[in-house]
Amino acid sequence: MRMPEWAMAGLTGLAGGLVVARDRGAPRARALMTRRGTEPWGPAVWTGVRAFPDRRREWLCAPVAALLALLGESVLPLFAGAVAVPLAKRWIERRERRREREEAARAVTALCGAVTGELRAGREPGQALLVAARDARALGAAEPAVLAAARFGGDVPAALLQASTGPGRDGLAGMAACWRVAVNGGAGLGAGLARLESALRGERRRREELRAQLAGAWSTVAVLALLPVLGLGLGAALGAEPLRVLLHSPGGLVCLATGGLLEAVGLFWASRIVRAGEAA
């Protein structure tokens, strides 16, 4: 087997690894492999892996494109890599925003529970909010305004309502409504916040169940996306030189353009179907 074939076989293995990494159960498996604080790959390697998501991951497309350009002796993979970098950046940013929304929603639920606990312990509403918000990041950028209103007797519901405009902080609007009803009508704030916390936890549980049900569909989308890479690797292993055929012949260029278009349309359509299920 010649060097290009070895390289293509390596890319095939990388594609298979990405399919496994895309699985939503990978974090749980990694957690199970870690026992008593030890890391399965060693502390130094695992620290680098955990720090890697904070870097510019979209630029990983550049070395892959350079390798394909070297193997195929063509500049077309370089152009494809230049197009893939902003697309990968957009996808990564979308995932980061989704993660931030989920963390904010969890923090809001925890804040409701903490305030309820402080109220049951006998604290005043403003003092309960000040104590509960010490270790919570549910208020986001509006935290100083909310805490100032709670400390100096300001309009806490208005401050909470303003904080609810942040991503994933919709529950603060319900908290503001409970606060306003309790202040104006004399209703129990603790009971209202307890019911709100229960509703937020139920909504989060439903989202997690739906995400678990759609994990198989997302894995299918990932497999479909990586099937062309697997096909190229198998063709190289058989000595068919697929890169040379695709990049240096008219028929290959037509097949490459048609296949790339169909791949993009298929991924877009499959992702849209799955996202529609998530939105429902």
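Which residues are linked with E73 in a network of salt bridges? The network joins E73, E241 and R244, a salt bridge being a side-chain nitrogen of Lys or Arg within 4 Å of a carboxyl oxygen of Asp or Glu. This is a predicted model, so to speak of local features a pLDDT of at least 70 is needed, side-chain atom pairs count only at pLDDT 80 or more, and totals for chains, interfaces and linings use all residues. Residues are numbered from 1 along each chain as its sequence is written, and side-chain values use heavy atoms, with hydrogens and water left out.

Across the whole structure, the search turns up ten salt bridges. In one of them, the side chains of E73 and R244 come together at 3.4 Å, N to O. That pair ties distant parts of the chain to each other: E73 sits in the loop between helix 4 and helix 5, R244 in helix 11 (residues 242–247), and 171 residues separate them. Helices here are DSSP runs (H or I, at least four residues), numbered from the N terminus. E73 counts as exposed at 53% relative accessibility, while R244, at 41%, is partly exposed; the cut-offs are under 20% relative accessible area for buried, over 50% for exposed and partly exposed in between (1.4 Å probe, protein chains only).

Another salt bridge pairs E102 with R98 (3.6 Å, N to O). Because these two are four residues apart in helix 5, about one helical turn separates E102 and R98. Both ends are partly exposed, E102 at 24% and R98 at 22%. R123 also pairs up, with E118, and the closest N and O atoms are 2.6 Å apart; R123 is partly exposed at 37%.

Then there's the nonpolar side of the surface. V75, L76, L78, F79, L253 and L256 make up a nonpolar patch with about 520 Å² of accessible area together. Helix 5 (76–120) and helix 12 (250–279) are the elements giving two or more residues to it, and helix 5 supplies the largest share, three residues. V75 belongs to the loop between helix 4 (61–72) and helix 5. Patch members have over 30% relative accessible area and no salt bridge, with nonpolar side chains (Val, Leu, Ile, Met, Phe, Trp, Tyr) joined within 5 Å and like charges within 9 Å; areas come from the Shrake-Rupley method with a 1.4 Å probe, and for residues only the protein chains shown count as cover.
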